[in-house]
Amino acid sequence: LDEGNPARIALQWFQIGDRVEVGGNVLDCVLAYQLMASAPRLLETEGRPVPENVDPASGAQVTRLNRTPALNRQRLAVCRRMKERFAHASRQYLNWPMGVKPPTGESVPFPNQSHLQGVYLEHSLVDENLFRHILGPAVIQLGQQIMNDMEERLSKDPDAAVARPEEVKRVFYVGGTCIDAFVRERFGQAFPNARGDTDAEAQSPERIAERLNAVVEGAVWYDEQLFTPSPLTLTFRSADREETLLQTGELLLPASLAHPRFITLTLEGHQELDARLFASGGGLPEPVCVARGFYRNPVDSFQEVTLRLQVSREQGATAALLAYDREWELWRFILAEQADQKQ
């Protein structure tokens, strides 16, 4: 990112101004910052006013910008999840419209925020108001760098085999950020004659899995066998909520690729939260509670709390509770293979 790129304002606000290479974290930051600064540029609505600004940490309107590290991590994680959801849908609801039955397996960031019902992020607005300004200058720089490298090589060896950008016929985009069709379209402007990659097949689950699991080393894809399948199904349960976090046989991704899941719950005065993690499959005769965490609302009034749940190869299944600008770890359940007793 050059000095004039508008993403630098968001990076500095989140106190990561030294991370100036174009990547998914940059888009997460600018999305979170824009929602807190001027949300109407990105939002549409079904029958409700568009809020002026929204805090991704809670879904509430912004009254005071709080920079605590825990809140910032939550803001960026929520925005990363919403951004990546655009690979599958052009609308990312903040909360379902009133009277709409959520599709099976679908979730929204702020299910308990009634003022956000029917309010959604529109993919085209995010592209036009964020991606264009952030990625446009970077893609111009990329084209200039390719041309400079080509001219330098030819100056040393006039017979060197070099490919001009307009001679590139096919580009394979990999990595989490590139599952977004608009991101690929923006970068594609550096290769004007390359075949487009925005058709329906390019957004199929198989192609998305390729991009997420690709290892690029001489443009070779080593497939999903890089990751170990989970031996268990892990399920979160509370009094009125159940979420499957990982299915038996599903890939156990490294922490760099595993994405957290956020569950927001409302507790009545002095109500206790009893959160449990159940494991099933893998030869277990029945589901077993393998982890448990508690929290009690300390006041007489309602309190909204958020659980961050994640499963990764290195950390296992973790749960943290976010409340009152603080974070408490509830559990850490490690998935490990047991050595063969005969060896």
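Questions and answers follow on the cavities, a pocket, a helix pair and the confidence of a predicted model.

Trainee: Which ground rules apply to numbering and atoms?
Mentor: Residues are numbered from 1 along each chain as its sequence is written, and side-chain values use heavy atoms, leaving out hydrogens and water. In this predicted model, local features need pLDDT of at least 70 and side-chain atom pairs count only at pLDDT 80 or more, while totals for chains, interfaces and linings use all residues.

Trainee: What is the mean pLDDT of the protein?
Mentor: pLDDT is the predictor's confidence in each residue, from 0 to 100. Here 94% of residues reach 70 or more. The mean is 86.

Trainee: In which strand is confidence highest?
Mentor: Strands are DSSP runs of E, at least two residues, and helices are runs of H or I, at least four, numbered from the N terminus. Confidence is lowest in β4 (residues 228–229), at a mean of 77. It is highest, at 95, in β9 (residues 272–280).

Trainee: How many contacts beyond four places in sequence does the model have for residues 338–343?
Mentor: Contact means heavy atoms within 4.5 Å. Over residues 216–225, pLDDT stays under 50, and the model has ten such contacts. Where pLDDT is low, the predicted coordinates should not be read in detail. Residues 338–343 also stay under 50, and their count is zero.

Trainee: What is the volume of the largest cavity?
Mentor: On a 1 Å grid over the protein atoms alone, a cavity is a set of points where a 1.4 Å probe fits but cannot get out; a pocket is an open set with protein on both sides within 12 Å along at least five of seven lines; lining residues have an atom within 4 Å of a point. Points join across faces, edges and corners, and a volume is the space filled by probe spheres set on them. Two cavities reach 30 Å³ or more. The largest has about 70 Å³.

Trainee: Which elements each supply at least two residues of its lining?
Mentor: The lining includes Gln 74, Val 78, Phe 262, Thr 264, Glu 304 and Thr 306. By class, it has five nonpolar (Ala, Val, Leu, Ile, Met, Phe, Trp, Tyr, Cys, Pro), one charged (Asp, Glu, Lys, Arg) and five polar residues (the others, Gly among them). The elements are α3 (69–85), β8 (261–267) and β11 (303–312).

Trainee: Which element gives the largest share of the lining of the second largest pocket?
Mentor: This pocket has a volume of about 480 Å³ and 22 lining residues. α3, β11 and β12 (316–323) each supply at least two. The largest share, four residues, comes from α3.

Trainee: How are α2 and α3 oriented to each other?
Mentor: Axes are lines fitted to C-alpha atoms over the stretch in contact, with angles from 0 to 180 degrees between N-to-C directions. The axes of α2 (residues 24–38) and α3 come within 8 Å and cross at roughly 105 degrees. Angles of 65 to 115 degrees count as roughly perpendicular. α2 and α3 are therefore roughly perpendicular.

Methods
Parallel < 35°, antiparallel > 145°, perpendicular 65-115°, else oblique.
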